Amino acid sequence: MPRHLVVSVEDPDFYAVHQFLRIGVAIAILVACIFLRKIVAKSLVNVIFMILSHIKEDSTKKQIHDVIAGPVEFSCLFIGVFGAGSVLRLPPDLQIVFKYILLSFLDVLLFWVLYRAITPISHVIQKTSTGGVSEEIRKVISDIVKIGIVIFGFLTVLQAWGVNVAAFLAGLGLAGMAVALAAQDTLKNLFASFEMFADKSFKKGDWIKTSSVEGIVEKVSLRTTTIRRFDSSTVIVPNANLSNGPITNFSPCTHRKVSWSLPIAGGATREQLVNVQKKVDQYIRGNKDVVNGEGSTIIVALDEFGENCVTLFVFFYTVTADWLPYMRVKQSILLDVKKIVEQETNGFGVPTRNLKMVKLN
């Protein structure tokens, strides 16, 4: 063969062309994996669901999909990076860096799966628990475990890159003391949230009243509680404030109390006062919206003398404990009682003062 047709592998031009081909193939593999990852991931997820065809509940399928969909896409990207790196002939130093990158990819993939699996696992534990784990406790424990997974995953990636994790943690210990001093309020709120969850003071959806706010609990987190007031505004209260003060929870109540002290006009006779007391008592006891039966408390009695009046004390419980129906029932009974008082007497008494004017010579 003519010498001018023989190409040596040591020829720089040949090596450059060959290397460009490798780079082109590596880029093609990486681009293909980037653009095809969703299609491949969807196909793999469908295969997994075919294997798990015995699962019939849609909610369980959705939870499984949420756990594996993202990591499967990430796996396709990992395969692309691995394939591109394998095609290229990297120098020894870059090969070491590439090895660390691959190990980091694997660590991130593993801890990502664990992170996404925490929520469905906590739901399963909540359903199967005989002790009745509340939704708030489940969320808080899930958040803590997720934070732990993120921290542990970060340390694992550092160790894969050859960082001395023990020395790193020792340095963080000193910094942690300073952070703890600076974040005292946050830690107070954190421990206060644990106290509230342990005491089961309230849960999402409960109607509560504190010294500063009244409304419906919308969200309970590790640091704050969000309460929606009845005017639709939201109030975010630190958990430490809630834990240190009294909390009235109306949601467990099946009935609501009504207590009035009605001033009857002082000019009413004894017979008029007795008639008012009897008719109001009969009306209250016969009202279908008032709790009336064994164990119920209904009091309608003349109580005391006031300024130009005699006080009629009325005490009972409504059948409903919901705010709007309770206010409607209360208004209806108030108007009917007012009608009875006005029919039997001169109406309600108001505080008056008699002034005697004396003319001085």
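First, a term I needed: two strands pair if DSSP finds at least two bridges between them. I also noted that this is a predicted model.

**Entry 1: strand 2 and strand 3.** I looked up how strand 2 (residues 214–220) meets strand 3, and found that the two run antiparallel and are joined by four bridges. Three residues lie between strand 2 and strand 3, and the two strands form a hairpin. I picked out one partner: Val 217 has Ile 227 of strand 3 as its bridge partner.

**Entry 2: strand 3 and strand 4.** Next I turned to the other neighbour. Strand 3 pairs with strand 4 (residues 234–238) over five bridges, again in the antiparallel sense. The hairpin of strand 3 and strand 4 has five residues between the strands, and in it Ser 232 takes a positive phi near 75°.

**Entry 3: cover on strand 3.** Is strand 3 mostly covered or mostly open? I found strand 3 (residues 224–228) mostly covered, with four of its five residues buried.

Entry 4: I then followed the order of the strands. The sheet is open and has five strands in the order 4-3-2-1-5, with antiparallel pairing. Strand 4 and strand 5 (248–249) are the edge strands, as each pairs on one side only.

**Entry 5: helix 8 and helix 9.** Which way do these two run relative to each other, roughly parallel or roughly antiparallel? Helix 8 (residues 270–286) packs on helix 9 (residues 323–344) at an angle of about 155°, and their axes are 9 Å apart. Angles over 145 degrees count as roughly antiparallel, so helix 8 and helix 9 are roughly antiparallel to each other. I also noted that helix 8 passes helix 9 in a right-handed crossing.

For the contact itself, I listed some of the residues: helix 8 contributes, among them, Val 276, Lys 279, Val 280 and Tyr 283, while those of helix 9 include Ile 333, Asp 336, Val 337 and Ile 340. Sorted by class, the contact of helix 8 with helix 9 has eight nonpolar, three polar and three charged residues.

Conventions:
Residues numbered from 1 in each chain as written. Predicted model: local features only at pLDDT ≥ 70, side-chain atom pairs only at ≥ 80, totals over all residues. Heavy atoms only, no water. Buried < 20%, exposed > 50% of the residue type's maximum accessible area, 1.4 Å probe, protein only. Axes fitted to C-alpha atoms, helices over the stretch in contact; angles between N-to-C directions. Parallel < 35°, antiparallel > 145°, perpendicular 65-115°, else oblique. Left-handed = near helix turned anticlockwise from the far one by under 90°. Contact = heavy atoms within 4.5 Å. Nonpolar A, V, L, I, M, F, W, Y, C, P; charged D, E, K, R; others polar.
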